[in-house]
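Q: Can you walk me through this one? I'd like the overall layout, then a few individual residues.

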Amino acid sequence: MDPMTNSQARIAIIGGGISGLTAAHRLRELLPSAHLTILEAAPRPGGVLCTERRDGFLVERAADMFTSKDPWALHLCRRIGLESELVGANEAGRKAFIVHRGELVEVPQGFVLMRPTQLSAMLTTPLLSPLGKLRLMMEPLKRAKKDESDESLASFVRRRMGQETFERIVQPLVGGIYTADPERLSMAATMPSFVEMERRHGSLIRAPQATRSEKDASGARYGMFVSLREGMQQLVDRLVERIGQDAFVCNAGVQSVQPANDHEDGGRWRVRTMDDEWNVDAVIVTCRAPHAAQLFAELQPALSDQLRAIEYASTAVVVMAVDDDQIGRPVQGFGFVAPLVEQRKILATSFASAKFPGRAPYGKTLVRVFIGGACQSELLEHDDHQLIEIARHELRELIGLAGDPLFAEVVRWNEAMPQYHVGHLDRVAAIERSVASLPGLELAGNAYRGVGIPFCIRSAEQAAENVADVLCASG
Ligand SMILES: Cc1cc2nc3c(=O)[nH]c(=O)nc-3n(C[C@H](O)[C@H](O)[C@H](O)COP(=O)(O)OP(=O)(O)OC[C@H]3O[C@@H](n4cnc5c(N)ncnc54)[C@H](O)[C@@H]3O)c2cc1C
């Protein structure tokens with residue numbers, strides 16, 4: 001699309017997380033002279049993306065990477081001059097582990113998310129009993145699902161590979177990513193490629209030979225993990241710089257979005273905060289779905305109800321810095337996940353300093369322990385001190401962590417992870433139909449078609465392009 005050079009359009013972007021920042025940046029590319037206002041409820045832009053430096057450690061408070069498999073984040077970084085700042089995952093230790101009867105067991109070679117690509121590795125793994133292995137090996141014989149209705153992750157995996165593979169391997173690997181209840185997590189919305197594999201080939205195991213990278217992987221495709229030298233904050237800071245500081249209004253929680261046809265200032269929409277209002281030609285709403293629901297409560301109650309129906313889960317990240325020699329049983333990998341059947345009080349642990357360079361001084365380790373999620377939300381009632389003690393206790397048992405950490409802190413993410421439950425895509429389609437009837441209004445963000453950073457970026461760029469199209473068409 002050619003940039004419109006003479007547009008004086010006024011555009012409001014609600015929410016200054018990666019979705020809002022990306023939408024604003026794309027609008028700068030498409031409509032260089034448009035007047036942008038980014039309204040952010042918090043004191044700083046960035047949303048959940050936030051990196052801190054502490055005692056020589058680089059601490060990510062939420063996301064610590066994105067994947068290059070879905071290319072939109074990588075493309076954005078290149079466009080904003082961050083290519084030389086991109087860092088790949090360390091070559092050493094590209095492995096993940098699963099807690100099994102209190103011990104850490106490596107994810108079988110070639111098992112990526114929910115697909116076994118090396119049957120010999122599955123036959124020798126201690127994660128499954130002989131019966132569990134037999135059931136898994138019967139996967140190619142299991143009939144493919146006939147209808148195209150959505151189903152849960154738990155139902156799909158049990159049906160194809162059996163209960164043991166589900167609860168011992170897939171639930172912790174996949175459920176952990178979404179901090180979700182696997183009995184409710186939608187296959188169509190989260191793992192469409194595996195649904196398609198079953199539909200086309202009748203089996204995950206029988207589907208055509210895996211690529212070499214898939215065969216070499218275990219747990220995830222680490223070759224596609226990307227971060228930035230100074231952490232995800234670098235992406236936020238560069239976008240803010242490119243957009244221009246003066247476009248931001250922080251501490252500005254938007255309360256409503258209404259048509260503005262009657263207003264002398266013109267513009268299509270009126271956006272209100274507690275103490276101010278803006279008349280604009282277009283609005284891109286990127287805040288979480290329940291917040292977006294509040295904005296449309298008067299304008300479109302049906303849309304508001306659909307948005308409110310998207311549930312969220314909470315999680316806490318306990319960040320701990322330790323000396324390497326405090327870890328009695330060092331793990332040669334990027335981290336481990338804990339299946340619900342193990343009844344641990346943690347979801348996963350990531351060795352941040354093993355994953356990317358420059359995260360910890362020499363001889364020290366930075367650990368991030370994830371607690372809570374949809375299935376263990378009661379744990380988040382503990383105060384910070386108790387959460388740190390839970391994390392220390394679990395790590396003492398699982399990796400022999402000894403002594404006091406150099407520092408420990410808790411980052412809470414309340415209602416931050418959208419839950420794509422069965423039927424999510426139908427709900428999103430209904431939301432999109434409602435929004436299509438409101439010209440100049442767009443939704444973007446992690447609530448709809450992907451929670452990962454690349455998907456947020458894709459949705460925000462699409463929203464910006466739609467707004468530019470509408471404004472161009474209306475002259
Ligand atoms: C702990 C954690 C770890 C994660 N790890 C990864 C990872 O490693 N890789 C990956 O790809 N993804 C990861 N994710 C997911 C990814 O980081 C998020 O989905 C993404 O950053 C969300 O961006 P967003 O802009 O859509 O939403 P947010 O970051 O939530 O931003 C929304 C913004 O809207 C603002 N807002 C809310 N209401 C209003 C209002 N009424 N008016 C104005 N502003 C408002 C909020 O203050 C916020 O700043 C992780 C998420 C979490 C929580």
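Q: Before we start, what kind of model is it, and how are residues numbered?
A: This is a predicted model, in which local features need pLDDT of at least 70, side-chain atom pairs count only at pLDDT 80 or more, and totals for chains, interfaces and linings use all residues. Residues are numbered from 1 along each chain as its sequence is written.

Q: How many helices and strands are in the chain?
A: The chain has 16 helices and 22 strands. Both are DSSP runs numbered from the N terminus, with at least four residues of H or I for a helix and at least two of E for a strand.

Q: And how compact is the chain?
A: The radius of gyration of the chain is 23 Å, close to the 23 Å that the globule rule gives for 475 residues, so the chain is as compact as a globular protein of that length. The radius is taken over C-alpha atoms, and the rule is 2.2 Å times the number of residues to the power 0.38. Along the principal axes, the C-alpha atoms fill a box of roughly 75 × 55 × 40 Å.

Q: What share of the residues is buried?
A: Of the 475 residues, 49% count as buried. Buried takes 20 or more other C-beta atoms within 10 Å of the residue's own, exposed takes 12 or fewer, and partly exposed is in between, with C-beta atoms placed from the backbone.

Q: What about the largest nonpolar core?
A: The largest nonpolar core has 144 residues, and Ile11, Leu27, Val283 and Val318 have the most contacts inside it. Helix H16 (residues 453-473) gives the most to this core, with nine residues. Such a core is a set of buried Ala, Val, Leu, Ile, Met, Phe, Trp, Tyr and Cys residues joined through C-beta atoms within 7 Å.

Q: What does Ile11 contact?
A: Beyond its neighbours within four places in sequence, Ile11 is in contact with Leu27, Ala34, Leu36, Val280, Asp281, Ala282 and Val467. Contact means C-beta atoms, placed from the backbone, within 7 Å.

Q: Switching topic: what are the domains?
A: The assignment gives domain 1 (10-48 + 234-310 + 421-473), domain 2 (65-93 + 312-418) and domain 3 (108-211). These bounds come from an automatic or database domain assignment.

Q: How far apart are domains 1 and 3?
A: The C-alpha centres of domain 1 and domain 3 lie 37 Å apart. Their contact takes six residues from domain 1 and nine residues from domain 3. The domain 1 side has three nonpolar, three polar and no charged residues. Here Ala, Val, Leu, Ile, Met, Phe, Trp, Tyr, Cys and Pro count as nonpolar, Asp, Glu, Lys and Arg as charged, and the others, Gly among them, as polar.

Q: Where does the ligand lie relative to the domains?
A: The ligand lies between domain 1 and domain 2, because both give residues to the shell around it.

Q: Which residues are closest to it?
A: The ligand is surrounded by 36 residues, and the closest are Gly15, Gly17, Gly47, Ala63 and Cys287. Helix H1 (18-30), strand E17 (312-323), E21 and H16 are the elements that give two or more residues to the shell. By class, the shell divides into 20 nonpolar, 13 polar and three charged residues.

Q: Now Pro405: buried or exposed?
A: Pro405 counts as buried because it has 20 C-beta neighbours inside 10 Å. Pro405 is in the loop between helix H14 (384-399) and strand E21 (407-418). Apart from residues up to four places away in sequence, Pro405 touches Met320, Ala321 and Val322.

Q: And Gly335, where is that?
A: Gly335 is in strand E18 (residues 335-337). Gly335 is buried, with 24 other C-beta atoms within 10 Å. Outside the four places on either side in sequence, Gly335 is in contact with Ala96, Ala348, Thr349, Ser350 and Phe351.

Q: What is the phi of Gln343?
A: Gln343 has a positive phi of about 55°, although it is not a glycine. Most residues other than glycine have a negative phi. Gln343 is in the loop between E18 and strand E19 (348-351), and counts as exposed with 8 C-beta neighbours inside 10 Å.

Q: What about Glu415?
A: Glu415 also has a positive phi, of about 50°, and is not a glycine. Glu415 is in strand E21 and counts as partly exposed, with 14 C-beta neighbours inside 10 Å.

Methods: Contact = placed C-beta atoms within 7 Å. Near = placed C-beta within 6 Å.
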